[in-house]
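Dear colleague,

Please find below the structure I promised to hand over. My findings follow it, and I would be grateful for your comments.

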Amino acid sequence: MKKTLVFVMTMLVLTGIILTAMPALASDVSVGLELDRDETTTADQVKMVISVSGVRSMDRHPLISGLDSFDIASSGTSSRIEIINRKKTVSLDYTYYIRPQKTGTFHVGPAEIEVDGRTYKSGTQTLVVRKVSAASGPNRQGPFLRAELSSKKVYEEEPLIYTLKLFYTDRVSDLSLNPPDVDGLTFKQASKASQYTGVYNGRSYHVIEVRYSVVPEKPGLYGVGASRMDLVSYDSENRRSTNGFFANDPFFSRSNGRRIQIKSDSIDLEVSPLPLKGRPDGFSGLVGRFRIVSKLDPARIKAGDSASLIVTISGRGNVKRIPDIKGPGFTHIKVYADQPDLKVQRGPQGPEGTKTMKWAMVPEKPGKYRIPPYSLTFFDTKKGAYREIKTRPLELDVRESASGQPPLVSSGHTQSKGPGGKNKRQVKEIGHDILPVHTALSKGAHIPGPVLLWLLLLGPVAVYLIVVSIVRARKKTMENISGQRAKKALKRLVQRSKDPGIGAGDLMDIVRGYFNDRFDMSLGTLTPGQAGAILRSRGVDNALIDSLEGELNALFDRVYTGRGDAPCDKNKDIAGLFREIERGLG
């Protein structure tokens with residue numbers, strides 16, 4: 001009994017392994033384009049990522065439209081593999097850094113690729129480029145914080161953007177940000193923090209930018225106080241001396257940073273009340289810029305059928321105040337209202353939203369029914385006045401039903417008169433069963449009973465023995481291959497890093513390849529912390545690990561700031577470190 005149970009369990013496990021190892025269906029190919037910001041200046045860089053899903057590798061970079069007014073630099077590629085519910089998804093990411101050459105509003109994209117003779121395209125992203133804000137005073141050495149408002153004069157409940165930028169040259173860490181707390185102003189983070197290289201007062205800095213959406217709840221003069229940021233700064237004055245080539249490089253300093261607090265400047269904001277002149281009756285308080293459209297789907301039906309009336313209001317402003325529209329009223333049409341649907345999203349100039357209202361209309365008799373225009377009133381912040389906009393009138397054309405009477409249910413069946421003049425439904429054939437039902441045994445070829453019995457008895461045993469042999473042979477082969485890869489890992493790293501003009505991105509790929517070969521891994525990405533943890537678990541000296549993490553941190557910084565392709569002259573130091581690490585591994 002025990003042996004039988006072990007055999008059954010083994011077969012179940014092997015079946016699971018076989019099913020897992022079966023190749024998944026190929027993923028559909030799609031292309032996406034994403035910018036890390038939707039607003040920038042002519043002195044800043046913008047990170048752009050092209051994601052190609054369903055492709056493991058490509059011979060060519062994507063073709064990207066809309067970049068005629070930009071300088072562009074590639075920062076390498078990365079790939080991902082995900083398996084969810086036995087469905088494998090592979091994707092390839094191309095990272096670029098673009099710098100605008102002039103101001104304006106630009107549409108970046110689409111990105112275009114060709115796979116197996118078929119062309120795939122991404123969507124487009126809108127990027128607003130402004131002039132570099134005027135700066136005064138001497139160049140600053142240490143980290144400093146600047147605050148900006150998209151407008152210093154707005155109306156009540158008119159959203160605006162509050163932007164904080166941290167400028168720094170030396171390495172910083174452990175950032176903690178506290179935006180101002182002002183009674184009457186509501187701050188909500190509008191986007192994730194972005195990092196890029198920018199210029200202030202003629203000098204280049206690393207920049208971390210955070211944007212907030214601000215809604216003034218009531219009119220008045222506001223003093224938007226200073227924002228505070230706590231951080232650890234590894235500046236040049238606090239570094240211990242380091243010998244060698246990296247003596248003046250802050251990224252290779254082994255100093256303990258100092259914790260500091262920095263503040264932004266205060267900004268004055270004037271919030272005006274909405275004017276009483278021209279304010280319509282029943283005004284909902286909607287402020288911003290909006291549009292309203294309506295449509296019928298379909299516009300021509302039979303009596304008893306259903307049509308949908310859809311009214312959509314969209315725009316930018318205090319979108320949560322978009323009012324509900326009152327549905328139509330008719331004598332011979334039954335109207336059923338759906339629940340209004342409001343969707344709010346973050347936009348470059350503040351909250352954007354769309355409210356959709358639907359009504360199902362079932363006419364009881366034929367005729368032409370006019371649906372009057374629907375209106376929306378709001379305060380237009382650009383024109384400084386109240387506006388009323390309307391939809392165009394619609395007409396629902398209702399024809400007589402086929403029977404001359406509105407059917408109770410629209411089913412596609414025809415009706416006929418039976419005895420006594422009563423309506424009688426006639427069954428309509430719409431198709432045949434995919435698998436026909438057999439009423440008799442097939443007269444075709446069949447397998448004799450004894451042969452089938454032996455196949456059922458011996459088949460699982462034969463499959464088990466074959467699978468066990470294959471698994472053992474595969475395991476032995478994989479062990480031999482892994483051993484050979486581990487022995488040649490250092491040699492391969494040294495050979496691949498000999499190029500004196502190699503960039504930081506390629507050097508990071510070489511280091512990742514070493515870890516995959518040496519320790520039989522399949523890392524898609526490798527951070528300095530991961531590298532240190534792997535080597536620490538193998539008993540490598542902490543001093544060597546610290547040196548390697550410092551080198552990798554410097555490479556990461558170059559890649560992240562768009563300098564991944566530029567020669568970095570770190571290949572000899574990296575190769576020397578790994579020679580010492582290899583001695584420690586034994």
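A residue is called buried here when its relative accessible area is under 20%. Please bear in mind throughout that this is a predicted model.

By that criterion, helix α4 (residues 528-537) has Pro 528, Ala 531, Gly 532, Ile 534 and Leu 535 buried. These residues lie on the same side of α4, because the arc they cover around the axis is only 160°. After α4 comes Gly 539, which has a positive phi, near 85°.

Eight of its eleven residues are buried, so β24 is largely enclosed by the rest of the structure. Strand β22 (residues 287-297) runs antiparallel to β24 and is joined to it by ten bridges; within this pairing, Lys 295 is found opposite Ile 310 of β24. Strand β27 (residues 350-363) also pairs with β24 in the antiparallel sense, over ten bridges. Here Ala 307 stands opposite Met 361, a residue of β27.

Finally, I turn to the largest pocket, which holds about 1700 Å³ of space. Its lining consists of 50 residues, and those nearest the centre are Lys 47, Val 49, Ser 78, Asp 93 and Thr 95. By residue class, the lining comprises 20 polar, 15 nonpolar and 15 charged residues. Strand β5 (residues 70-84) supplies the largest share of this lining, with seven residues.

Yours sincerely

How values were computed. Residues numbered from 1 in each chain as written. Predicted model: local features only at pLDDT ≥ 70, side-chain atom pairs only at ≥ 80, totals over all residues. Heavy atoms only, no water. 1 Å grid on protein atoms, 1.4 Å probe; cavity = no way out; pocket = protein on both sides within 12 Å on 5 of 7 lines; lining within 4 Å. Points joined across faces, edges and corners; volume = space filled by probe spheres on them. Helix = DSSP H or I, 4+ residues; strand = E, 2+ residues; numbered from the N terminus. Nonpolar A, V, L, I, M, F, W, Y, C, P; charged D, E, K, R; others polar. Buried < 20%, exposed > 50% of the residue type's maximum accessible area, 1.4 Å probe, protein only. Arc of directions from axis to C-beta. Pairing = 2+ DSSP bridges.
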